[in-house]
Amino acid sequence: MAPRSRAALDFGDVDGFEQRLARRLEELQAAGLRRALLPLRSAQGTRVQAGDRRLLNFSSNDYLGLANNPGLREAAHKSLGEWGVGAGASRLLCGSLGPFHDAEAALARFKGTGAALLFSTGFAAATGTIPAMVGPGDIVILDRLAHACLVDGARLSGARLRVFRHNDPADLERILRWTASRRGDGAVLIITESVFSMDGDLAPLGELVMLKERFGAWLMVDEAHATGLFGEGFGGLVQQAGLSGRIEVQMATLGKALGSAGGAICGSPTLIDFLINRARSLVYSTAPVPAAAAAAKAAVDFLATPAGAARVRRLWNNVAAMRERIRILGWPLPPAPSPIIPIILGEEHVAVAAATALRERDILLPAVRHPTVPRGRARLRLTLSAAHTEAELDQLTDALARALPPPPRHD
Ligand SMILES: *Cc1c(COP(=O)(O)O)cnc(C)c1O
């Protein structure tokens, strides 16, 4: 084979790279799966400024309207003044700043666990924690709809993976029976979310705990969408179910109801000590901005006050009010209330068209598509905030009535 000239090789490679990616983008476009960023010129909130349009936002996980809250801003400012911006290195390398420890103590109290450990994101918490706990020779059993970071963490671990039907304890039991003869002295780790991020439904935690105890398995519960919203102290669905002491690993995110950024693992002091030694996303990653931890701690403190409780109540009032409006429009609802209400439209292009029609009515409610949800299950993922007003719920309802195709017929 004749050697190619150097110039031809260089150009060939560059074109090959760009063309290949461009072709894949075109394929995504044709399938209704292409995504794009929407730059905002205002802070996160129920109203956001995009270009010259002011949009009513029903897509954020800022459930309590804390992302731009004065109390949290002040906590972050104060922290910036005292601790600066950057943490310098991994917490193991150059010392671990006070705000991380303060936030961890607050989170452990909040969750009713012996200890807590912060990560830079929830995603990093999952991908660091799961491979630290299990590996080849162990078995991980995931709910079919578990979040991408839980799937990636499980894959990264090298453990054998099994998936049980969404929220189906009978199917989980079938798999647990299968593990009994195959696990040897390996561990079995069950992983689920408590409030599912794209469906808004709730895991049957009591039944999962009974099963995991019967079969000697461990349970990890991702409370990304429950932390700050459920339970007596708003610690999450695990707290509400009274199961805190019976679940090995609780995971939280600080970037949703808590209005800040970061992830946390809550559990026994031994678990936390172990993760400090073995969780690679903690050990080999620069610690987060301390002001983010300070803001999250301010959110946890706020939730312990009457004003915090009133804020959560306002969210649940909005959830009840919006569920009633959706029901009247004829769309099916998740059985139990949560601030996530999916309107499942099915075909990807249909969901994109609905989102576009809503945008034309100044409503920000993007289509969620594969691979975030299964193919053919594209949807509008409507999320509510305590900061939405009744008039804004009316505006959304009116826009939905005009922008959506007819609801599915009940049979
Ligand atoms: C958002 C989310 C995460 C990731 O948390 P981040 O802090 O945003 O990285 C993990 N699990 C679930 C279920 C989520 O919805």
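1. In the ligand site, a polar side-chain atom of D222 lies 2.5 Å from a nitrogen atom of the ligand, and the protein covers 83% of the 370 Å² of accessible area that the ligand has on its own (areas come from the Shrake-Rupley method with a 1.4 Å probe, and for residues only the protein chains shown count as cover). A polar side-chain atom of H225 lies 2.5 Å from an oxygen atom of the ligand, and for K256 the distance from a polar side-chain atom to a ligand oxygen atom is 2.7 Å.

2. Please keep in mind that this is a predicted model, in which local features need pLDDT of at least 70 and side-chain atom pairs count only at pLDDT 80 or more, while totals for chains, interfaces and linings use all residues. Residues are numbered from 1 along each chain as its sequence is written, and side-chain values use heavy atoms, with hydrogens and water left out.

3. Around the ligand there are 14 residues, of which G122, F123, D222, H225 and K256 come nearest (a residue is near a molecule if one of its heavy atoms lies within 4 Å of it). Helix 4 (122-133) and strand 8 (249-253) each supply at least two residues of this shell, where helices (H or I, at least four residues) and strands (E, at least two) are DSSP runs numbered from the N terminus.

4. Which residues of helix 14 are buried? They are E392, L393, L396, T397, A399, L400 and A403, where buried means under 20% relative accessible area, exposed over 50%, and partly exposed in between, with a 1.4 Å probe and protein chains only. Seen down the axis of helix 14, these buried residues fall within an arc of 165 degrees, so they line one face of the helix (the arc is that of the directions from the helix axis to the C-beta atoms). On the other side of helix 14, E390, A391 and R402 are exposed.

5. In helix 13, the buried residues are E348, A351, A354, A355 and L358, and they cover an arc of only 130 degrees around the axis, which puts them on the same side of helix 13.

6. Finally, N57 is found in strand 2 (residues 53-57), and N57 counts as buried because its relative accessibility is 4%. The side chain of N57 makes a polar contact of 2.6 Å with the side chain of Q44, and another of 2.7 Å with that of S59. A polar contact is a pair of N or O atoms within 3.5 Å; within protein, one must be able to donate a hydrogen and the other to accept it, and residues adjacent in sequence count only if both atoms are side-chain atoms.
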